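Trainee: I am new to this structure. Please take a close look at one part, the core, and set it in its surroundings.

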Amino acid sequence: MKIRNLLAISIGLAFSSLVYAQETKTEETTAAVPTEVIDRLNIPGPLTFNGNEYFLAWSKQNSATWAQQQYILRDDDFKNYKELINISYFDKEIDIETAVKQKVEYVEKRKERTQDKYSFVSVTESPDGKEIIVDYLVTVVPQEGESYAEYNIDRFKNFDTNGKKSFVIFSYSKRIAGDLKYSSKALSKERSRLMEAIITTAVPMVTYKPTAVEPKK
C-alpha cells in the first residue's frame, strides 16, 4: 500500500453520520455488555488477528442497512478494553473516499478541540484503490479512571458480489493506560507492525440478515 496525501482527498460530497457513529472508541462510552450477544453478521468466530483470538462481545442493528459487532480478547474487560475489533457492515454502496475524508476531518477537529498534542492521523491506499486505511492516535483523559493513549486502524472496503454492493469498515483499537507521553510513544513504536497485520488480515466474510433496529437510548 502507498501513503496518500490527505490534501488529495478533496471530495465535496456530504457523507452521513454513520461513519462517525460506528466509533465506540476514544472518549465515547462503550455500550454495556448485553446478556446475550447476537451474531448479526454471521461471522464464524473467534476472529484471529495478529496471532490473537477475539471473541464477540457486543452487537447492534443501527439501521435497516447497518449492523455493527465488536470483539475483545478472552480475558479483556469490554468497558475498559486493551484491544478491540469493530466491524461495521453497510448493506449498500458508500463512496469510500467520502467516508475516509469524513474520518480524517473528525480526528483533526478532535485534535484541535481537545488540544491533543500526541494525536496524529494518516491515510494509506491500496495500489488498486479499492481499499483505504485510516490510522490515527488519540489520547483520552476521562472524568473517572486512568488516562490512556489509543491507537486505531480503520480499514475501509467496498464489496461487489454478483452485483450486490456493500461496504465494510474493519477496525482495530489498542489502548495503553498511564502517562500519556510514554503510552503514545509505545503505541507509535507498534504502528508498523500493526499496520502490516491489518493489511495482511482477510476481512471476514459477512452473511447479512438484518434484525430489528434497536431503539435509540
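Mentor: The protein exposes about 11,300 Å², and carbon and sulfur atoms supply 51% of that area. Accessible areas come from the Shrake-Rupley method with a 1.4 Å probe, and for residues only the protein chains shown count as cover. This is a predicted model, in which local features need pLDDT of at least 70 and side-chain atom pairs count only at pLDDT 80 or more, while totals for chains, interfaces and linings use all residues. Residues are numbered from 1 along each chain as its sequence is written, and side-chain values use heavy atoms, with hydrogens and water left out.

Of the 217 residues, 50% count as buried; buried means under 20% relative accessible area, exposed means over 50%, and partly exposed lies in between (1.4 Å probe, protein chains only). The protein has four helices and nine strands, where helices (H or I, at least four residues) and strands (E, at least two) are DSSP runs numbered from the N terminus. Along the sequence they follow the pattern β-α-β-β-β-β-α-β-β-β-β-α-α. Among contacts (heavy atoms within 4.5 Å) between residues at least 6 apart in sequence, 64% join residues at least 24 apart.

Now the core. A nonpolar core is a set of buried Ala, Val, Leu, Ile, Met, Phe, Trp, Tyr and Cys residues joined through side-chain atoms within 4.5 Å. In soluble globular proteins, nonpolar side chains tend to be buried together. The largest nonpolar core here has 29 residues, and Leu 41, Ile 85, Ile 87, Ile 153 and Tyr 172 touch the most other members. At least two residues of this core come from each of S2 (47-49), S4 (66-73), S5 (83-90), S7 (131-140), S8 (148-161), S9 (164-177), H3 (180-189) and H4 (191-200). A second, separate core has 20 residues, including Ala 99, Tyr 106, Val 123 and Val 140.

Start with Leu 41, which sits in the loop between helix H1 (18-21) and S2. Leu 41 has a relative accessibility of 0% and counts as buried. Leaving aside residues up to four places away in sequence, Leu 41 touches Ala 67, Gln 69, Ile 87, Tyr 89, Val 206, Thr 207 and Tyr 208. Leu 41 and Val 206 are 165 residues apart along the chain, yet their C-alpha atoms are separated by 5.4 Å. The loop between H1 and S2 also holds Pro 46, and the peptide bond from Gly 45 to Pro 46 is cis, with omega near 0°. Past S2, in the loop between S2 and strand S3 (52-63), comes Asn 50. Asn 50 has a positive phi of about 55° although it is not a glycine, and with a relative accessible area of 33% Asn 50 is partly exposed.

In one of them, Lys 157 meets Glu 131 at 2.9 Å, N to O. Lys 157 lies in S8 and Glu 131 in S7, so the pair ties together parts that are 26 residues apart in sequence. Both ends are buried: Lys 157 has a relative accessible area of 18%, and Glu 131 is at 11%. Arg 155 joins Glu 131 and Lys 157 in a network of salt bridges.

Another salt bridge links Lys 174 and Glu 190, with the closest N and O atoms 2.9 Å apart. Because Lys 174 is in S9 and Glu 190 in the loop between H3 and H4, this pair ties together parts 16 residues apart in sequence. Lys 174 and Glu 190 are both buried. Glu 190 also meets Arg 193 in a salt bridge of 2.2 Å, N to O; Glu 190 has a relative accessible area of 15%, whereas Arg 193, at 39%, is partly exposed.

Last, helix H2 (residues 96-114), whose buried residues include Ala 99 and Tyr 106, both named above as members of the second core. At the start of H2, a side-chain oxygen of Asp 95 reaches to within 3.2 Å of the backbone nitrogen of Glu 97. After H2 comes Gln 115, with a positive phi near 55°. Gln 115 is in the loop between H2 and strand S6 (120-125) and, at 64% relative accessibility, counts as exposed.

Note on methods:
A polar contact is a pair of N or O atoms within 3.5 Å; within protein, one must be able to donate a hydrogen and the other to accept it, and residues adjacent in sequence count only if both atoms are side-chain atoms. A salt bridge is a side-chain nitrogen of Lys or Arg within 4 Å of a carboxyl oxygen of Asp or Glu.
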